[in-house]
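Colleague: Please take me through the charged and aromatic contacts of this model. I would like the cut-offs along with the answers.

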Amino acid sequence: MSVFFRCFLLLFLLTGLSPAQAETFTGRVVGVVDGDTITVLDTDHTQHKVRLTGIDAPERKQAFGTKAKQHLASLVSGRTVTVEWFKRDRYQRILGKVMRDGQDVNLEQIRAGFAWHGYQRDQLPADRPVYAEAAEASRLNGFGLWTDTRPIPPWDYRRK
């Protein structure tokens with residue numbers, strides 16, 4: 001691999017550019033399904049189910065599931081948000097980063113200790129280290145689900 005190509009690849013990854021062009025839409029949050037999924041009504045009055053990328057919150061019946069949902073609701077319910085996205089999941093939900101007044105809502109769920117940093121392949125590369133650092137700080141400070149001595153990740157909970 002040439003030095004030029006390596007430098008280009010490194011620059012590409014560091015700037016967070018995505019091979020797929022991200023799309024955005026703005027709308028009002030009309031529902032909070034759980035700690036990582038919301039329903040947004042766009043300006044054309046179309047509802048979109050949005051799964052927050054880069055995070056995985058406890059399931060509704062799991063410890064901290066209700067608190068994760070409540071925290072997300074406190075951030076976005078009834079509010080206008082912008083969703084940045086470039087793909088859908090197997091359930092046809094939009095996988096997106098939710099922004100409210102310039103604040104990254106996905107990141108706030110991690111900072112408050114109500115979500116794990118997960119599904120990194122669906123994130124923009126530039127967001128990955130920021131989310132990872134926030135997850136580690138949340139864990140070290142014992143926020144949210146990290147008050148539990150042995151929190152069960154949602155992916156393990158779903159397997160059972």
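Modeller: A salt bridge here is a side-chain nitrogen of Lys or Arg within 4 Å of a carboxyl oxygen of Asp or Glu. The model is predicted, so local features need pLDDT of at least 70 and side-chain atom pairs count only at pLDDT 80 or more, while totals for chains, interfaces and linings use all residues. Residues are numbered from 1 along each chain as its sequence is written, and side-chain values use heavy atoms, with hydrogens and water left out.

Colleague: How many salt bridges does this rule give?

Modeller: Side chains of opposite charge can pair when their charged atoms come close. Applying the rule to this model, the count of salt bridges comes to 13.

Colleague: Which residue forms a salt bridge with Asp56?

Modeller: Asp56 is buried at a relative accessible area of 1%, where buried means under 20%, exposed over 50% and partly exposed in between (1.4 Å probe, protein chains only). The closest N and O atoms of the pair are 2.8 Å apart. The partner lies in helix α5 and Asp56 in strand β4, 102 residues apart; helices (H or I, at least four residues) and strands (E, at least two) are DSSP runs, numbered from the N terminus. The partner is Arg158.

Colleague: Arg158 also forms a salt bridge with Glu59; how many residues apart in sequence are the parts that this pair ties together?

Modeller: The closest N and O atoms of Arg158 and Glu59 are 2.5 Å apart. Arg158 is partly exposed, with a relative accessible area of 35%, and Glu59 is partly exposed at 23%. Arg158 lies in helix α5 and Glu59 in the loop between β4 and α2, so the parts tied together are separated in sequence by 99 residues.

Colleague: Which residues are linked in a network of salt bridges?

Modeller: Arg158 pairs with Asp56 and with Glu59. The network that holds these residues consists of Asp36, Arg51, Asp56, Glu59 and Arg158.

Colleague: In which helix do Arg159 and Asp156 both lie?

Modeller: Their side chains meet in a salt bridge, 2.7 Å from N to O. Arg159 is exposed at 64%, whereas Asp156 is partly exposed at 27%. The two residues are three apart, about one turn of the helix, and that helix is α5.

Colleague: Which residues do ring pairs link into a cluster?

Modeller: Rings of Phe, Tyr and Trp (its six-membered ring) pair if their centres lie within 6.5 Å; planes under 30 degrees apart count as stacked, over 60 as edge-to-face and the rest as tilted. The count comes to two aromatic pairs. The rings of Trp116 and Trp146 have centres 5.6 Å apart and planes at 65°, so they are edge-to-face; Trp116 and Trp155 have ring centres 6.0 Å apart and planes at 70°, so this pair is edge-to-face. The cluster is Trp116, Trp146 and Trp155.

Colleague: Where is Lys61 placed?

Modeller: Lys61 is exposed, with a relative accessible area of 78%. Its place is in the loop between β4 (55–56) and α2 (65–76).
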